[in-house]
Amino acid sequence: MAAPPRTNPSDFLKELAGRPVVVKLNSGVDYRGLLSCLDGYMNIALEQTEEYVNGQLKKKYGDAFIRGNNVLYISGSRTRK
Amino acid sequence: MAANLANIAGSRANPSTLLPLELIDKCIGSRIHAILRSNKEIVGTLLGFDDYVNMVLDDVREYETTAEGRRVNKLERILLNGSNIVMLVPGGEGPEGAAA
Amino acid sequence: MSASGASGHGGAARGHGGSERGHGGADRGHHHQNRPGQSDRNAEKKPKETLFDLARYLDKVMHVKFVGGREASGTLKGYDALLNLVLDCTTELPRGDSDEPTRSEEKRELGLVVCRGPSIVMLCPEGMEPISNPFVSAADGE
């Protein structure tokens with residue numbers, strides 16, 4: 001039986017570097033921007049960041065740093081340019 | 001890596017028992033339902049995971065159950081932080097499947 | 001734009017304060033157990049015993065409480081040194097604490113599940129729940 005193709009978290013993060021991502025926090029707040037880098041704690045640095053609260057754009061930041069313990073998930077957006 | 005950890009972690013346990021991380025490893029490529037510490041649940045196709053059970057999921061639905069009802073959010077591929085996971089249901093189709 | 005977010009998720013649930021988590025910190029311990037320098041020593045020694053010998057409870061029904069208030073019970077089918085559990089025929093119970101109206105959920109059958117060790121607060125074998133003190137009533141009767 002062939003093992004199903006697997007993408008581990010580190011592989012996925014390599015794919016995502018420099019691409020537009022959505023970072024959702026436990027509080028429900030979304031940050032959208034370009035993933036500049038991140039580390040093993042899921043601390044994340046974003047560029048051209050937009051902050052969404054309740055789905056509404058609240059603020060924009062040039063660069064933003066997110067502490068990893070608040071992160072619920074990181075999602076790549078293939079559809080976004 | 002994860003399978004390796006499963007072996008290490010299980011070396012002290014009874015070898016005849018079902019090791020949790022081995023079970024998750026077997027779920028790769030199939031649907032999995034993650035129940036989180038909050039009132040959220042996530043269902044997706046498991047692509048991989050690491051030692052902390054951070055998981056890469058594809059074709060994701062995010063469910064949030066509140067007093068007003070259930071909110072569903074669809075996502076493509078995500079990396080789910082493992083520190084919020086409480087339970088993992090292999091093959092689970094989420095709150096809708098479980099309720100049926 | 002991605003499919004995410006439009007619906008919004010204002011409902012910040014309980015248990016989301018940064019203090020309770022600290023990603024990695026709590027889990028990281030198991031790496032230290034497997035450091036090359038230590039593995040030789042551990043091989044000579046008797047394997048470290050866990051406080052609670054779960055082997056006794058295999059195929060027994062266990063009740064589990066989690067961080068954030070969820071509860072479940074199911075038949076213990078496996079476990080590891082990090083207290084990850086495999087439970088079969090699992091039922092998620094409605095939340096015990098009624099002070100959080102938003103978090104009430106129906107009892108539901110989940111089947112075979114893996115419980116994450118770092119999220120477990122308490123586990124107890126079924127049949128070990130506290131009972132009322134049988135001696136109090138006996139004393140009162142006399």
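The model is predicted, so local features need pLDDT of at least 70 and side-chain atom pairs count only at pLDDT 80 or more, while totals for chains, interfaces and linings use all residues. Residues are numbered from 1 along each chain as its sequence is written, chains are lettered from A and ligands numbered from 1 in the order in which they are written, and side-chain values use heavy atoms, with hydrogens and water left out.

Chain B contains 3 helices and 6 strands. Helices (H or I, at least four residues) and strands (E, at least two) are DSSP runs, numbered from the N terminus. The order along the sequence of chain B is α-α-β-β-β-β-β-β-α. Chain B has 100 residues, of which 66% are buried. Buried means under 20% relative accessible area, exposed over 50%, and partly exposed in between (1.4 Å probe, protein chains only). Accessible areas come from the Shrake-Rupley method with a 1.4 Å probe; for residues, only the protein chains shown count as cover. Among contacts in chain B with a separation of 6 or more, 46% are between residues 24 or more positions apart. Contact means heavy atoms within 4.5 Å.

An unreviewed UniProt entry places the feature "domain: Sm" at residues 19-94 of chain B. UniProt positions are given in the numbering used here, feature names are shortened, and annotations may be inferred rather than shown by experiment. Residues 19-94 of chain B are 58% strand and 11% helix.

Chain C has 3 helices and 5 strands. Its elements follow the order α-α-β-β-β-β-β-α from the N terminus. Of its 142 residues, 38% are buried. The accessible surface of chain C is about 8,100 Å², and carbon and sulfur atoms hold 56% of that area. Of the contacts in chain C between residues at least 6 apart in sequence, 47% join residues at least 24 apart.

The largest nonpolar core comprises 24 residues. A nonpolar core is a set of buried Ala, Val, Leu, Ile, Met, Phe, Trp, Tyr and Cys residues joined through side-chain atoms within 4.5 Å. B:Leu46, B:Met55, B:Leu57, B:Leu80 and B:Leu88 have the most contacts inside this core. Chain A supplies at least two residues of the core from strand 5 (71-76). In chain B, elements that each supply at least two include helix 2 (20-26), strand 2 (40-49) and strand 3 (55-66). Beyond its neighbours within four places in sequence, B:Met55 touches residues including B:Ala34, B:Leu46, B:Phe49, B:Ile78, B:Leu80 and B:Leu88. A second, separate core has 20 residues, among them C:Tyr57, C:Ala72, C:Leu87 and C:Cys115.

At the interface of chains B and A, 24 residues of chain B contact 22 residues of chain A. The two chains bury about 1,900 Å² between them, with 52% on carbon and sulfur atoms. Buried area is the accessible area (1.4 Å probe) that two parts lose on being put together, summed over both. On the chain B side, B:Glu76, B:Arg77 and B:Leu79 lose the most area to chain A. Together they account for 34% of what that side buries.

Over all chains, the structure holds 12 salt bridges. A salt bridge is a side-chain nitrogen of Lys or Arg within 4 Å of a carboxyl oxygen of Asp or Glu. The interface of chain B and chain A has 3 salt bridges. B:Asp25 pairs with A:Arg6 in a salt bridge, with the closest N and O atoms 2.8 Å apart. B:Asp25 is partly exposed at 24% relative accessibility. A:Arg6 is also partly exposed, at 33%.

A salt bridge also links B:Glu41 and C:Arg108, with the closest N and O atoms 3.0 Å apart. B:Glu41 lies in strand 2 of chain B and C:Arg108 in strand 4 (residues 108-115) of chain C, so this pair joins two chains. Both B:Glu41 and C:Arg108 are buried. B:Glu41, C:Arg70, C:Glu92 and C:Arg108 are linked in a salt-bridge network.

Within chain B, B:Arg77 and B:Asp58 form a salt bridge (3.4 Å, N to O). B:Arg77 sits in the loop between strand 4 (69-75) and strand 5, and B:Asp58 in strand 3, so the pair ties together parts 19 residues apart in sequence. B:Arg77 is buried at 18% relative accessible area, and B:Asp58 is buried at 16%.
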